[in-house]
Amino acid sequence: MYNDYEISEMKQGIDMSEAILTDKQANKERRGTPGELRRLADRDLVVTLNRKLQFQKLFSQISTAFASVAAEQMDGKITHSLGLLAEFLQADRAYLIQISEDSATLRTAHNWYAAGIERDPMVEAGIPLDRFRFVTEQTLSGSDIVVDSLDDLPEDAANEYEYCHSRDIRSFVMIPIFLDGKPIGNFGFDAIRQANRWSPEQVEELHLVSKILATALDRKRQVVIVDERLRFEQLINRLSATFVNLPHNEVHHAIQDALAEVARFMGADFATFIQREPVTGTLYHTHQWVAPGIELDIDFTDVDIRGVAPWLAGQLSQGIPVVISRGNDFPPEAVAERELSNTYGIKSMLWAPFYVSGEIAGYLVLNTMEKDIEWPKALIEELKLIGEIFVNALMRKRSSENLNERLCFESMLSSLSASFINAPNAEVDDKICAALQQIGEYAGVDEAFLFQFRASPTETGITHSWFRSEQVRELSFDADQLLELFPWAAGKLEQQKTIVFGGLDELPVEADAERAYLQGVGLKTSLLIPLFQDNRLRAILFVQGYNEKQWQAHFIDQIHLAAQVFFGALQRKATDQKFQSALIDISELKDQLEAENILLQKEIDTHTVHEEIVGSSPVMKQLVALAEQVAPLDSTVLTLGETGTGKEVLANLVHKLSQRSDRAMVRVNCAALPAALIEAELFGREKGAYTGAASKQIGRFELANGSTIFLDEIGELPLELQAKLLRVLQDGAFERLGSAQTVHVDVRVIAATNQDLRSLVEKGRFREDLYYRLNVFPITVPPLRERRMDIPALVWSFVREYGDNMGKSIDLIRKSTMKHLQAYAWPGNVRELRNVIERAMILSQGGTLVIQLDDRDSLGSTGQTLAEVETGHIRTVLGQAGWRIRGEGGAAQILDMNPCTLESRMKKLGIRRPK
């Protein structure tokens, strides 16, 4: 509405016009001028001049209003000005339409309605461009739309006609608004109560207003841009302050949070922080943020940019920001990129490079999935600052971690060097293998091993090793073969030069043989340190991996020192061993002086640990130690082992060492009792419990009350009785067959079996809960073939036993006979040995024991593969050594093998220590 001053001015104009007309009329009458037609023309002229005067005042008022309006008041002032213009034009609705940033909709950003005119929420929310094609095309082309009547609309404006008819719009006018020479929308007026005719003069006047509105919108846009720039600068300053003194363990989490904040500020749906490897140019994703509700059909962190997007990779390699607001922004040559964008639904993308020391260090990537977005050009340059903040924080973190790792490794080397100074020879090999593991894990590689050249080519190979996986490498070439197979590497090593490369592309052209070998085994990085003695290459330290890496100079120097420590310790050990070999007792020559190789009884150490247990092997000592450990307790014991190994003897020992030894142990053979009678045998029966039960019977568990019961062949116990046995083990309670009265007993249970109970459980033939109840303290009695060093003591024990019973005296057993006994496989174990000795005692005449064996089961019999023979021999020696590999009396010393080599051989043959 107009104020009082404006209405007064308008009235003065009208009065002045009427006065002018009155004077002209009087003059015409005095002069006798033309009549009515001339008077009407003069009146129209006055009305036109008056309307122009009114518009000039209104235009001046609008211009003045926008000259000093604040940005936050701009929208209100635009709406108010549209209302003034609508009232001046006698229109019922005024609006300002802007094209959305994604060029998808027309939205009426400002609306004014006359009193009594209903609002239109649809156009205020935004109309798709393809809804009103005629209006859209005219707006985008910057053309006026002047409709005095709906019938003036062209045929292709059917939607517009239908909309105007539904809203009772009789006529309308729309004037384009330009900004930087580009149409950004229009403003217009609708006549609803009665149709208006929009004169060319009115359209021209509205063009003047469009410039004011364009200037106002531009001012508002500039303020928004400045405000956005200011808020972005504040974000950068805040992030900079956050990362200045950030603890290293919080860097990754802080980057993730900051990346999300930047993405939300820029209007992105997901963002990625990518770093660039300076040497290879490889891009690797370290952080990614995805907005809630956005589902990615691909893990973009795994995408190889160089392989799938060559145009994009080319732009990035030159440090050129890639700004794509919509699909048609891709250049013609970006075919693959356009297809990827369409395939995965990427609407807009922004790749902003950032730098460190003038080199491209990575990219900050923003993407949208749901809508196109015009990336703010003023902020794209600022994004590199955020990338630099992130990468600098990561570099500080990495430098600190590297320093800590270096200090830790230096400390480890110092302690390692000190530990080798006075290390016993028996511990040197273990210490070297442990140090190789530390080196390998510190370097992040997959294997580290020491390769030694020995006096004999057959002895040359890996002597100490660590492998991350179970796949152990075997190398057996000697010095001459090294030169033949790998000439380039051999030449470098012979010149005492270290070989180091982080990737196969770092190898020179002449290293074809080396490159082919490494590709064949999958290795990509290596560090080879030659070790010399007396100017001869004696060993090589290999530190290798299946992934490329960068070797740091300080690390290589540290490994050099470690290698010298290893090699020095091995040289000292070799010297000590030679000295010790010169002092070996000459007692071994005694065997050579015996013409018949007779093994005298007095030369056999028949030490027994206990009365029933014969043998002094480490495995038997360990067996007795376990029995002594569990005997004082009431825990259930499960003795395992093959038939004839002496499980019942072990049960006797546990009982005799227990607090129940004052009472006899009750024995039950579960396999010998008929299935129909075993329940009554174990738990007893009442008179008349079943046909033939003529009297009451006390079961074995009641007999064993306060003592021990030995359940032999427990695996043969019927399934229906296992639940009853489980109850006895848990509660010490059961009912006799035919009785409802519960009997309580205090019985210690020792069970024995030669079967695999775990397998029976899986087959459903043995209760799993009973298995776990019995398996409280399992003791495995080893077969005789794994304790061959005990055979002489067992033989003499049986000879004495049967000699006393038979009245015979055996004084001699030939050494060849004893060796034959030790080589025999003994499938029947100790029981078979006892029977063989009994038969030999019966057949032998005189004082020498004569024994005959079936050679088919001897260790050297035919029909076995080399691996089977080797496996059996290693198991035998391990049994003699109590499964101890290293040290004095260990299996490696007995076999005259390096402990590491023996462990590798055991792993290859699948030899594992029995539980």
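Gln452 stands opposite Ala539 in strand 16. This pair belongs to the antiparallel pairing of strand 12 (residues 447-452) with strand 16 (residues 536-545), which extends over six bridges. The model is a predicted one.

- Five strands form an open sheet in the order 13-12-16-15-14, and their pairing is antiparallel.
- Strand 13 (461-467) and strand 14 (499-501) each have a single partner strand, so one side of each is left without a neighbour in the sheet.
- From one strand to the next, the twist averages 15°.
- Helix 13 (residues 425-443) packs on this sheet and touches strand 12, strand 13 and strand 16.
- The direction of helix 13 makes about 50° with that of strand 13.

- Gln275 has Gly362 in strand 11 as its bridge partner.

**Strand 6 and its partners**

- Strand 6 (residues 182-191) is mostly covered, since nine of its ten residues are buried.
- Strand 1 (residues 93-99) pairs with strand 6 in the antiparallel sense over six bridges.
- In this pairing, Leu96 stands opposite Phe187 of strand 6.
- Strand 5 (residues 171-179) also runs antiparallel to strand 6, and nine bridges join the two.
- The bridge partner of Phe178 in strand 6 is Pro183.
- Strand 5 and strand 6 form a hairpin with two residues between them, and Asp180 in the turn has a positive phi of about 55°.

**Helix 26 and helix 27**

- The axes of helix 26 (residues 791-806) and helix 27 (residues 815-823) come within 10 Å and cross at roughly 115°.
- These two helices, helix 26 and helix 27, are therefore roughly perpendicular to each other.
- Their crossing is right-handed.
- On the side of helix 26, the contact involves Ile791, Pro792, Val795 and Trp796, which meet Met818, Leu821 and Gln822 in helix 27.
- Sorted by class, this contact has six nonpolar residues, one polar residue and no charged residues.

**Helix 26 and helix 28**

- The axes of helix 26 and helix 28 (residues 829-843) come within 9 Å and cross at roughly 45°.
- Helix 26 and helix 28 are therefore oblique to each other.
- The crossing of helix 26 and helix 28 is right-handed.
- Residues of helix 26 in this contact include Leu794, Val795, Phe798 and Tyr802, while those of helix 28 include Val830, Leu833, Ile837 and Met841.
- The residues of the contact between helix 26 and helix 28 divide into eleven nonpolar, one polar and three charged.

Definitions and conventions
Residues are numbered from 1 along each chain as its sequence is written. This is a predicted model: local features need pLDDT of at least 70, side-chain atom pairs count only at pLDDT 80 or more; totals for chains, interfaces and linings use all residues. Side-chain values use heavy atoms; hydrogens and water are left out. Two strands pair if DSSP finds at least two bridges between them. Helices (H or I, at least four residues) and strands (E, at least two) are DSSP runs, numbered from the N terminus. Buried means under 20% relative accessible area, exposed over 50%, partly exposed in between (1.4 Å probe, protein chains only). Axes are lines fitted to C-alpha atoms, for helices over the stretch in contact, and angles run from 0 to 180 degrees between N-to-C directions. Angles under 35 degrees count as roughly parallel, over 145 as roughly antiparallel, 65 to 115 as roughly perpendicular and the rest as oblique. A crossing is left-handed if the near helix is turned anticlockwise from the far one by less than a right angle, and right-handed if clockwise. Contact means heavy atoms within 4.5 Å. Ala, Val, Leu, Ile, Met, Phe, Trp, Tyr, Cys and Pro count as nonpolar, Asp, Glu, Lys and Arg as charged, and the others, Gly among them, as polar.
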